[in-house]
Amino acid sequence: MDSNFFAMVNRMKLIDRWALMRNTAKENIAEHSHSVAVIAHALALIGNKKFGKNYDEQRVCLLALYHDTTEVITGDMPTPVKYYNDEIRDVYKEVEHSAAQRLLAMLPEEFREDYEPLFEKRDEDKELWVLVKAADRISALIKCIEESRMGNLEFSKALEAQEKLIDDIKLDEVKYFRENFLNAYYLTLDEHTK
């Protein structure tokens with residue numbers, strides 16, 4: 001039996017983010033998911049090493065890698081549209097659920113239960129999904145920083161909004177990441193290598 005699942009997942013590199021804004025550098029959902037996975041993994045490690053948490057670092061990384069995979073079917077809905085009101089947000093969640101079911105159906109039956117938790121959130125992963133969401137926001141902030149550093153005024157308001165969103169996250173792991181790692185994204189390559 002041929003399965004289309006992995007070929008579809010591979011198409012993540014074809015779905016661009018930030019479609020409503022002029023970009024100096026395009027970002028696709030594959031690149032974004034890698035960024036979110038790296039940051040989520042870091043947040044889990046920070047939580048475990050600095051704040052006595054017991055996060056599963058590998059699991060959070062895996063959840064982050066797949067967190068936007070349904071967008072190979074739905075496309076990347078711009079945030080202002082997706083969260084415009086409760087009705088649109090709820091309908092979009094249904095669309096995402098349907099897309100997840102379509103993707104899972106592309107797998108051989110024996111593998112579906114292994115991949116289902118990556119698409120359908122389970123209670124046992126609840127605190128990990130909080131880290132993934134925080135990492136997703138940090139990744140968005142990093143994109144805004146990069147665009148602003150390139151002189152792209154299109155991202156100036158988004159940068160302010162993302163900085164506020166990060167400040168509003170009440171997680172010690174995020175605060176630690178912001179204080180110890182985020183400032184480096186505002187630097188040039190020469191400043192990094194001094």
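**Exercise 1. Aromatic pairs.** Find how many aromatic pairs the whole structure holds, then describe the pair F177 and F181.

*Solution.* A search of the whole structure gives 10 aromatic pairs. In F177 and F181 the ring centres are 5.4 Å apart and the planes make an angle of 45°, a tilted pair. To check that label, recall that rings of Phe, Tyr and Trp (its six-membered ring) pair if their centres lie within 6.5 Å, with planes under 30 degrees apart called stacked, over 60 edge-to-face and the rest tilted. Next, look at accessibility, where buried means under 20% relative accessible area, exposed over 50% and partly exposed in between (1.4 Å probe, protein chains only). F177 is buried at 6%, whereas F181 is partly exposed at 39%. Finally, ring pairs also join F5, F6, Y66, Y115 and F119 into a cluster.

Before you go on, a word on the model: it is predicted, so local features need pLDDT of at least 70 and side-chain atom pairs count only at pLDDT 80 or more, while totals for chains, interfaces and linings use all residues. Residues are numbered from 1 along each chain as its sequence is written, and side-chain values use heavy atoms, with hydrogens and water left out.

**Exercise 2. A charge and a ring.** Work out where the charged end of K121 sits.

*Solution.* Go to W129: the charged end of K121 sits over its ring, 4.8 Å from the centre. The criterion asks for NZ of Lys or CZ of Arg within 6 Å of the ring centre and within 35 degrees of the ring normal.

**Exercise 3. The loop around R17.** Place R17 in the chain, then list its contacts and its salt-bridge partner E27.

*Solution.* Start with location: R17 lies in the loop between α1 (5-10) and α2 (29-51), where helices (H or I, at least four residues) and strands (E, at least two) are DSSP runs numbered from the N terminus. R17 is buried, with 11% relative accessibility. Leaving aside residues up to four places away in sequence, R17 touches N23, E27, N28, I29, H32, D68, D76 and A140; contact means heavy atoms within 4.5 Å.

Now take E27. Its side chain meets that of R17 in a salt bridge of 3.1 Å, N to O, the rule being a side-chain nitrogen of Lys or Arg within 4 Å of a carboxyl oxygen of Asp or Glu. Both E27 and R17 are in the loop between α1 and α2, 10 residues apart, and both are buried.

The loop also contains W18. Most residues other than glycine have a negative phi. W18 is not a glycine, yet its phi is positive, at about 55°. W18 is buried as well, at 15%.
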